[in-house]
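Q: Can you walk me through this structure? I'd like to start with the strands and then move on to charged side chains.

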Amino acid sequence: MWLKPEEVLLKNALKLWLIERSNEFFVLQRRRGYGEEGGGGLTGLLVGTLDSVLDSTAKVAPFRILHQTPDSQVYLSIACGANREEITKHWDWLEQNIMKTLSVFDSNEDITNFVQGKIRGLIAEEGKQAFAKEDDPEKFREALLKFEKCFGLPEQEKLVTYYSCSYWKGRVPCQGWLYLSTNFLSFYSFLLGSEIKLIISWDAVSKLEKTSNVILTESIHVCSQGENHYFSMFLHINETYLLMEQLANYAIKRLFDKETFANDPILDDPLQITKRGLENRAHSEQFSAFFRLPKEEALKEVHECCLWVPFCHFNTHGKMCISENYICFASQDGSLCSVILPLREVLAIDTTNDSTKSVIISIKGKTAFHFSEVKDFEQLVAKLRLKCGAASAPYHDISTEIPVSSDSTDPSDNIEVWSLTCQRESSKTVNTEALMTVFHPQNLENLNSKMLKEKMKEQSWNILFTECGRGVSMFRTKKTRDLVVRGIPEILRGELWMLFSGAVNDMAVNPGYYAEVVEQSLGTCNLATEEIERDLRRSLPEHPAFQNDTGISALRRVLTAYAYRNPKIGYCQAMNILTSVLLLYAKEEEAFWLLVAVCERMLPDYFNHRII
């Protein structure tokens, strides 16, 4: 643990302590009589006896770290440990975060003052369990009073949390406190009569990033109105950065997206914003983005466990993440394995009789997933069974057929699809000159080469499906990612685009939604529909699929339905080209949900009226 810096006279201390590690600024010592064969001789025996007879409150930890000032016999004790592992962690942290920084100071006095301030900050950080928790009212009240006194911000300004850190003024770090509130980032430091006060409005932040260099191992860089500010020496820099990023994003959204805030009472009222609420929201957003789930899915529970991977014959360690409608798993051992289990697909949830704390989840298609080493697995199984009971209502079945040859005349079905390999069947009359061009030896060779590559890609995917399964609940591994990067074969594009974009889940939980929106938007006349009508004939005009009313009508319905669904975006340039391509490989309803996935989840803010 870190200790409040206190002076130690090294001349007398050497009789009781042995130096194990040292550098220019710090010394790691072990108390005589600990960890030595034979007890370290007579001196070690005496020291060990003295320590053992003292009561528990007076016992001395066997390891400690001292801060040493060159050319001085007076040292400062800054950390102690009950075992070698604990003290080594503190030593490593000092080497990685403090050592390079100390080289920038000109005098020994400045070095000592900085180390003292940093250690006191770490102690305060540990005292509030690494975060400023609102459920510790006394500490938070103290910080709030200091925040209000130092910065003089409006009374309604809500302090969210605070951290001990260092602010770099030029090449010199200043130890102090960083305060994060709903509208401002503030920093205050007062050392040796020198006061530093900094207030930055979140909506004035033009750049926010984590950086590292020779002096700063890890720091947070904030750019505001052309000025660069660097903050470092955080105990938990990732969590701090995550909250800063959220608060900055919310400030910008208040300027450009007032509708979202008006519909969200928590964000609309700054007094409702709390650190815990921001953390939960951030984790839910990361969860839904990682697994490509609908935005409404909030992360409810996380359990560490292992998942049996049958085609590799081993258990991969990771986390089971549970939301209202999904059970997801992501590995953390480098195997890049993930699984998504919609509760609508779950048939049964069981446990095993052995000591492996296992949960077995069976889904449609005679597939079972075996999770082991699940903490509190019995309570988890009971909860999941309740959820599945609620989720077992009739659901919208999604066909994975590839819509290449649909003969249906229903306008809600997909348009006629003309793939490159079967365009020869699309016309009854054949142009002789064109035929001669197609069958030219060079062109035949290129065509055969392309078809061979497509066939090889298709075969690779079929092998993957055999190993990993097919559909929403398939195992997704590094091999899956590699195959996507190599290119998805045309015959599988509609199916796999739906799957990996997450559109398959949007469509499943919204049965009949597309038909309703098409009906409601039918006959509407506004700026978006006028622009859509103008661009319909410009969408892949040379492709046979869009040289007839079937293709044009399907394109019109999808674009008009989306403009009706999302008037904030409505219709923007290039959406017609994107939708045309989607309609070549997917059914009409699927193309609509793919467009939703691209515009609202995969590339948010890309299609908008500002066209930034």
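What follows is a short chat about a sheet and some salt bridges.

Q: What kind of model is this, and how are residues numbered?
A: This is a predicted model, where local features need pLDDT of at least 70, side-chain atom pairs count only at pLDDT 80 or more, and totals for chains, interfaces and linings use all residues. Residues are numbered from 1 along each chain as its sequence is written, and side-chain values use heavy atoms, with hydrogens and water left out.

Q: OK, the sheet. In what order do the strands come?
A: The order is S16-S15-S14-S13-S19-S18-S17, seven strands in an open sheet with antiparallel pairing. Strands (E, at least two residues) and helices (H or I, at least four) are DSSP runs, numbered from the N terminus. Two strands pair if DSSP finds at least two bridges between them.

Q: Which ones are the edge strands?
A: Strand S16 (338–342) and strand S17 (346–351), each of which pairs on one side only. From one strand to the next, the twist averages 30°. That angle is taken between N-to-C directions, on a scale from 0 to 180 degrees, with axes as lines fitted to C-alpha atoms.

Q: How many bridges join S17 to S18?
A: Five, and S18 covers residues 359–363. Ala348, for example, has Ser362 in S18 as its bridge partner.

Q: Switching topic: how many salt bridges are there?
A: The count is 17 salt bridges, each being a side-chain nitrogen of Lys or Arg within 4 Å of a carboxyl oxygen of Asp or Glu.

Q: What does Arg21 pair with?
A: Arg21 forms a salt bridge with Asp92, and their closest N and O atoms are 3.9 Å apart. The pair links distant parts of the chain, with Arg21 in strand S2 (residues 17–22) and Asp92 in helix H3 (residues 84–97), 71 residues apart.

Q: Why does Arg21 count as partly exposed?
A: Because its relative accessibility is 36%. Buried means under 20% relative accessible area and exposed over 50%, with partly exposed in between (1.4 Å probe, protein chains only). Asp92 is partly exposed too, at 28%.

Q: And where do Asp482 and Lys478 lie?
A: Both are in helix H14, four residues apart, about one turn of the helix. Asp482 is partly exposed at 36%, and Lys478 is partly exposed at 45%.
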